[in-house]
Amino acid sequence: MSETPRNFIQQIIDADIASGKWGAPGDRSVVRTRFPPEPNGYLHIGHAKSINLNFGLAKEFGGKFYLRFDDTNPAKEEQEYVDSITHDVRWLGADWEGEHGAGLRYASNYFQQMYDWAEELVNKGLAYVCDLSPDEVSARRGTTTAPATSPFRDRAPDESLRLLREMRDGRHPEGSHSLRAKIDLASPNFNLRDPVMYRIVHAAHHNTGTAWHIYPMYDWAHGLEDSIEGVTHSICTLEFEDHRPLYDWFIDAINQGRTDDGSGPWGKKIHHPQQIEFAKFRPNYTVLSKRNLIRMVKDGIVRGWDDPRMPSIAGLRRRGYTPEALRDVALGVGTTKYESVIDLSRIENALRDDLNKRAPRRLAVLRPLKLTITNWHEHGDDARTEQMTLVNNPEDPAYGERSVPFSKHLFIERDDFMLDPPKKFFRLAPGAEVRLRGAYWVRCHDVVRDAEGNVSEVLCTYDPQTRGGSDPPPAPDGTKRKVKGTLHWVSAPHAIATEVRLFERLFSVESPGEATGNFVDDLNPDSLEVLTGCMLEPALAQRTHDEPAWPDEIRRFQFERLGYFCVDKDADARFGGSSSGNTLVLNRSVTLKDSFAKDVQKA
RNA sequence: AGGGGAUUGGUGUAAUGGUAGCACGACUGACUCUGACUCAGUUAGUCUAGGUUCGAAUCCUAGAUCCCCUGCCA
């Protein structure tokens, strides 16, 4: 057995395979899982956990994974969502059974089979047509001590069958009838108080058009979908735990009177999958409910479903998240029945870990401060440009090196200079010497101030002996010069001016809306900061003119000492035509860890 | 209230009657041409009260706290 801990679902499957519950004992390939979204919204990070779980299980056991749309309610579902979900699942790396996007499954493809089974239940006396309106059903639901009631419960099967067919044929208005399972009106589990199986809906369905006037309810449909597809382990979230008796009841009802070999009046037994529930993924500092996400989009709190601050898959993708990071998060938090809270920082760390290994390094200055090398002419003319060689990724030599121009006029980060620095400030200050990453050591000897007296330019001398950023030779007496700080920089005449968007968490409290009842009250007003006039090294703009749609693998970078950034789709749009400008748009995916900032905060 | 679930360091997760372990975080330190990365060390836990047992996170009893359920949504 594997040394890594097995989660409770893996343990169930291990036992099923050992016992031969779904096939020959020991045959792992019988495992079938599925991800069954309703196409009524966009996927979010919680779905990513479910997708990774279901897909991961099928992959681990050598079984099959299906992507199935649970499209049983035409009133809420749209093709747009089918498309976005399909795209997101593929992006997450979950290959569903079937080639190149074929093999998609739809509950609506099984409507006829489901309907046939419904007639069977009517004939068996296990379902009946009820003429109560939705309000009346609700009013007659009963209480924990009093049972529900329906005057139509004992309707003759023949009459129910006639009415059901009329419902199917569109001869009754919405709400006038429903098909109900005859289970137990007194059950303490209200899901069993004769649940509705079919309701009348006169609406066009994105897949079946106007073929149907009745649509199956989730509880009736879901187990049948799983059964038809041969799903072995139907994994869902905790709130469906008290639906499981229903899930089992419906399949048992169909199998009532059926036989293993198909002999007898009702034919062969159908497959009975096992429903297993696990806890949802719940990160702090965000909201995940579909209702709230829709509201944020509709009310303009964010700029759409793919706003980089959104926890939607589309938002995370645009923010610069990788499928690998999301998979690592899902793996890391495990699969249990305990409703844990996932620290947002854990998700950020997963991204850092992934991008640290894979993101090419670049130099960029977000808030530029001029730095001029006043002795540049002593070793050539003032206009001289030197090419510095920097490694693209210290974590992986395969990324190679690049050339970065260096000249008399530079930009450094405004935060990297202080007139009156506190102790342990390893950066630039009057009289201090620092290394410019991969270039030269410079020492500040003066500053230029603007009309308000603020520092507008730092004047430095450089040491030609430190080319490439290397240590200078020791002094004649053997002492070595040291610098504590290394700064990032950009050569001013070569710099590319860009827009950079910085994001913070969308909410300022861990559980938005918990205290006030309205999550909008807890919005972080500073969740978006747009910087213009940021300066990038020229390597970042090399492809912008002839290749507007950057291939995904080169869209993400680490700006040294700042964080991970990715090219936003707005940049692609701007280069869609014969654009002549060099304006890129970048998103900060996540900052680098910053222990100095943390120390400052504590002090 | 009735029904269904859950509870192990700050967070997440193992241990399935036999040494409470791992990861993340935090804190120390080392290293470093990114105050990043990496490395080393430290920190801290079985919801409570009883019981069974040589031995309990695990089994039993009682309690506490939290989540879900009374849509013709999924």
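Predicted model: local features only at pLDDT ≥ 70, side-chain atom pairs only at ≥ 80, totals over all residues.
Residues are numbered from 1 along each chain as written, chains are lettered from A and ligands numbered from 1 in written order, and side-chain values use heavy atoms, with hydrogens and water left out.

**Polar contacts with the RNA**
- Arg199 also reaches a phosphate oxygen of RNA strand B, with a polar side-chain atom 2.8 Å away.
- For Asp594, a side-chain N or O atom sits 3.4 Å from a sugar or linking oxygen of RNA strand B.

**The surface around the RNA**
- There are 65 residues around RNA strand B, and Gln11, Leu132, Arg361, Gly468 and Gln558 come nearest; a residue is near the strand if one of its heavy atoms lies within 4 Å of it.
- Sugar or phosphate accounts for 65% of the RNA strand B atoms within 4 Å of the protein, and bases make up the rest.
- By class, the surface splits into 19 nonpolar, 22 polar and 24 charged residues (Ala, Val, Leu, Ile, Met, Phe, Trp, Tyr, Cys and Pro are nonpolar; Asp, Glu, Lys and Arg are charged; the others, Gly among them, are polar).
- At least two residues each come from α5 (134-139), β6 (196-200), α11 (323-333), α12 (344-358) and α14 (595-602); helices (H or I, at least four residues) and strands (E, at least two) are DSSP runs numbered from the N terminus.
- α14 gives the most, with 4 residues.

**α11 against α12**
- The axes of α11 and α12 come within 8 Å and cross at roughly 130°, with axes fitted to C-alpha atoms over the stretch in contact and angles running from 0 to 180 degrees between N-to-C directions.
- On the α11 side, Glu324, Ala325, Val329, Gly332 and Val333 meet Arg346, Ile347, Ala350, Leu351, Asp354 and Arg358 of α12, where contact means heavy atoms within 4.5 Å.
- This α11 and α12 contact has 6 nonpolar, 1 polar and 4 charged residues.

**α4 against α6**
- Helices α4 (residues 111-123) and α6 (residues 157-168) have axes that come within 9 Å and cross at roughly 160°.
- α4 is therefore roughly antiparallel to α6.

Technical notes: Polar contact = N/O pair within 3.5 Å; in protein donor to acceptor, adjacent residues only side chain to side chain. Parallel < 35°, antiparallel > 145°, perpendicular 65-115°, else oblique.
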